[in-house]
Every structure is written in structure tokens, then in C-alpha cells.
Amino acid sequence: MRRRPLPTDMASKKSIVILTGAGISAESGLGTFRDKDGLWTKYDLEEVATPQGFARNPVLVHDFYNARRRNLIEAAPNAAHYALAELEKNWDGDFLLVTQNVDDLHERAGSERLLHMHGELLKIRCERCQDVGRWTGDLDLATACTACGTSGSLRPHVVWFGEMPLHMEEIYAALENCDLFLSIGTSGQVYPAAGFVAEVRKVGRAHTVELNLERSDGYSLFAEGIYGPATEIVPAYVRRLLNGGI
Ligand code: OAD
């Protein structure tokens, strides 16, 4: 396939890091966490998204993630996911997409340089042997680990509150070296992701842009803000970038 020629400005191998959150998948029908009707208005995160909650009531936690897994299987990527995959294909410099989302809509849209810092809903992990495998059905206490055979030791491969996010070394290295940092569809309330923009600003050379439905808590830390539904503002911003504007 022929690559679209890039303007000279873009050909100078600029490095880009993009952070996404639940807002990018909202128009695919996956709920966000903190908006009106968000998941954390209906469920107690201490009960369903902490290791302590899982130890107290694993059935409740499995039910919560089973329902989310079923929703995800029915959902499809939207124009914002596709636009980021298109950007990656046409970008000459370093490119890294970091998502807080546990859905697989970026992959299904074609993104490849992608890190899931909060894990993946379509993967499970054995707490006994640490084996990680793909899982698309329901999970319960009777399910046995295919690697070690233990039952009752499997959990969703997602990061819960109080646990270490994944891939942090690689993410911070990319943040320190980027020329452009985009934050898309995240409320900026959960660390360490909420601190990425400050990390980028410490180095001082990158342009920083927030793209969100509305101003996030940390909007004033960004040099530029673009507001509206992700399916409109992300494709428009990607067109602008590929036409040579940062
Ligand atoms: P939040 O629910 O906190 O924030 C979603 C953001 O998306 C809000 O700022 C909305 O305004 C915005 N938004 C909603 N609809 C949008 C749309 N159509 N287009 C653009 N923006 C839209 O979700 P996150 O910031 O992703 O962690 O939450 C971060 C982490 O908190 C999650 O990864 C999860 C959660 O608890 C864990 O479970 C560990």
C-alpha cells in the first residue's frame, strides 16, 4: 500500500504520545466512569475494582466484568478509534498510543503501537501461576486455569485501584521524548495517567493538547484544548496533523 506523502514539517520525524480514556469509546456504547450515568455512579468501585473487593466477593466482581465483557463483544470501534489508527499508519516519527481503556476497540480499528496501562478485559490471569490468556466468555469460580489446572484462581487481567499500572517504564520514556502529547476522552482524575501532561511539561519541548467532551480537571495544564464529541473532534484533529499542522 502506498503511504500518503507527508508535508515536510511532518517528515522531520516528530514523536507523538497519545493518551486515551473512556470518552473515546463512549460513542461506541461503552459507558464512561464519572459522567452522569457513569459506571462509578452505579457501582461501588471499592467493591468491584480493588483486590480487597475481589477477596471479599469474587462472584460480584466476576459478574461485573462478565457484563462489561459481553457489552464489549457487541461494541464496535468508532470514527475516533479509526482516525488514530490512520494517524499511526501515516506518521513518520515515533508513535505511541497509551490507553487507560480495557476495551480492545483501538486494536480492532487497526492501532498497533498500543499499550494498555490498565490491562485488558478480554484477557484473564491466573493468580497462582500468573499465566495470562485471552478470554471472551463469562468467567466464574469454577473456571480452571488452562496452564496450571487450578480452579478459582483466575481474575480479569485488569489493573484495580491500589495495583501498579502496566508498562510504566516504556510510557515515561516515550513521554520524556515526545514533541506532541494528546490526551483524549479522559477526566484526568486517576493517577498516574492524570500526571502525564505535567511530566511532558517538565521537559518543556512538547506541544500538549486535550481533546475531550468538556474541560477536564487538569485542562489548564494543556497548551491547547479542543472540545466536542470524540467522533467529530478526533478525525478533524488527525486531518489537521496529517496536513502539516501541530
Ligand atoms: P472518566 O469517566 O473519568 O472520564 C471520561 C471523560 O470522557 C470525561 O471527561 C468526559 O467528559 C469525556 N467524554 C464523555 N463522552 C465523550 C465523548 N463522546 N467524546 C469525548 N469525550 C467524552 O474515564 P477515564 O478518565 O478514562 O480505571 O477514567 C480513568 C480511569 O478511571 C479508568 O481507566 C478506570 C477508572 O476508574 C480503573 O478502573 C483502574
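At what angle do the axes of helix α6 and helix α10 cross? Close-up views of this predicted model give the answer and more.

In this predicted model, local features need pLDDT of at least 70, side-chain atom pairs count only at pLDDT 80 or more, and totals for chains, interfaces and linings use all residues. Residues are numbered from 1 along each chain as its sequence is written, and side-chain values use heavy atoms, with hydrogens and water left out.

**View 1. Helices α6 and α10 cross.** Helix α6 spans residues 79–90, and helix α10 spans residues 230–242. Their axes come within 8 Å and cross at roughly 15°. Helices (H or I, at least four residues) and strands (E, at least two) are DSSP runs, numbered from the N terminus. Axes are lines fitted to C-alpha atoms, for helices over the stretch in contact, and angles run from 0 to 180 degrees between N-to-C directions. So α6 is roughly parallel to α10. Angles under 35 degrees count as roughly parallel, over 145 as roughly antiparallel, 65 to 115 as roughly perpendicular and the rest as oblique.

**View 2. Helices α8 and α9 pack together.** Helix α8 (residues 168–176) meets helix α9 (residues 196–203) at an angle of about 45°. Their axes are 8 Å apart. Therefore α8 is oblique to α9.

**View 3. Residues surround the ligand.** The shell holds 24 residues (each with a heavy atom within 4 Å). The closest are Ala22, Phe33, Arg34, Thr186 and Ser187.

View 4. Ser187 places a polar side-chain atom 2.5 Å from a ligand oxygen atom. Leu213 has a backbone N or O atom 3.1 Å from a ligand nitrogen atom. In Glu214, a side-chain N or O atom is 3.3 Å from a ligand oxygen atom.

**View 5. Two loops hold backbone exceptions.** Most residues other than glycine have a negative phi, and most peptide bonds are trans. Asp37 is not a glycine, yet has a positive phi of about 70°. Asp37 lies in the loop between β1 (16–20) and α2 (39–42). The peptide bond from Tyr191 to Pro192 is cis, with omega near 10°. Pro192 sits in the loop between β7 (180–184) and α9.

Note on methods: Polar contact = N/O pair within 3.5 Å; in protein donor to acceptor, adjacent residues only side chain to side chain.
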